[in-house]
Structure formats: structure tokens, C-alpha cells
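Have a go at each task before reading its solution.

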Amino acid sequence: MGVDLSPESDPAIGFGFEEAAASGTPLVAAMAHDEQWPAPKTRMSGWLEKYPDVAVELVAGERPIPLLLELGQRAGLLVVGSRGRGGFAGMLLGSTSQALIYHAPCPVAVVRPA
């Protein structure tokens, strides 16, 4: 699961936890180094409480796309958010989502805010 610190990432984080809990698999939360590390754990604290049986591993890399593609080699599902900017722009996928859809070695879930 690709994680950032924006509130718009909450639906993707929740989806990732739900899928991990349903499948009984651990959750790997990935973030690029330019984010405030280990703040992702703070962003996920409510989900960690809601899903205490889900094991979570935090990983970081230089750039999100190569990191997520590498993690996809051993993943059953990659989960990323899409900020959706409203109107026509909101219908478009960002560069990370597009790259994963075309190149990921496993299924990709792009989760948008409600």
C-alpha cells in the first residue's frame, strides 16, 4: 500500500487494512523518503486500533513508483490513493497510479476519496 500524509489517503489506508484483514495477510505500507518518517504510523493509528490483528511493516524508498513496483513482486494487491481534484481533472489518474496500472506485476486498487 502506498501511503502519504494527506487526509485524502485515509480511504486507501482503510481499504488496505480491510483487504489485509479479510485475506489474513500482513500489510506493507510504503512511503517515499521525502515524507516525514515515521509519520505514516501516526496517520494509520486509528486503523491499527481497528485492525489489531493485521501485521504492518513500514518501508521507505527514494521514489514511490520503483518502490511500489518492487514491492508488487511479492504482493497479492497494491493499494494506492488518488487525490481526485474534482471536475475533469478529478477523473484523471496521477502518475503513480498510471504507472502501477500499466507495469505492476499484481492487481492494483486505486482508491479515491468519497
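The exercises below look at a helix pair, a helix face and one serine.

This is a predicted model, where local features need pLDDT of at least 70, side-chain atom pairs count only at pLDDT 80 or more, and totals for chains, interfaces and linings use all residues. Residues are numbered from 1 along each chain as its sequence is written, and side-chain values use heavy atoms, with hydrogens and water left out.

**Exercise 1.** Describe how α4 and α6 pack.

Step 1: Helices here are DSSP runs (H or I, at least four residues), numbered from the N terminus. Take α4 as residues 64-72 and α6 as residues 95-103.
Step 2: Their axes lie 10 Å apart, at an angle of about 30°. Axes are lines fitted to C-alpha atoms over the stretch in contact, and angles run from 0 to 180 degrees between N-to-C directions.
Step 3: List the contacts (heavy atoms within 4.5 Å). Pro64, Ile65, Leu68 and Leu69 of α4 meet Ser95, Thr96, Ala99, Leu100 and His103 of α6.
Step 4: Sort these residues: six are nonpolar, three polar and none charged.

**Exercise 2.** Which residues of α4 are buried, and what do they pack against?

Step 1: Buried means under 20% relative accessible area (1.4 Å probe, protein chains only). Leu67, Leu68, Leu71 and Gly72 qualify.
Step 2: Down the axis of α4, these residues fall within an arc of 135°, so they line one face of the helix.
Step 3: Their packing partners are β1 (27-32), β2 (56-61), β3 (78-81) and α6.

**Exercise 3.** Is serine 9 buried or exposed?

Step 1: Find serine 9 in the segment before α1 (10-23).
Step 2: Its relative accessible area is 7%, so serine 9 is buried.
Step 3: Leaving aside residues up to four places away in sequence, serine 9 touches Asp4 and Arg43.

Methods
Helices (H or I, at least four residues) and strands (E, at least two) are DSSP runs, numbered from the N terminus. Ala, Val, Leu, Ile, Met, Phe, Trp, Tyr, Cys and Pro count as nonpolar, Asp, Glu, Lys and Arg as charged, and the others, Gly among them, as polar. Buried means under 20% relative accessible area, exposed over 50%, partly exposed in between (1.4 Å probe, protein chains only). The arc is that of the directions from the helix axis to the C-beta atoms.
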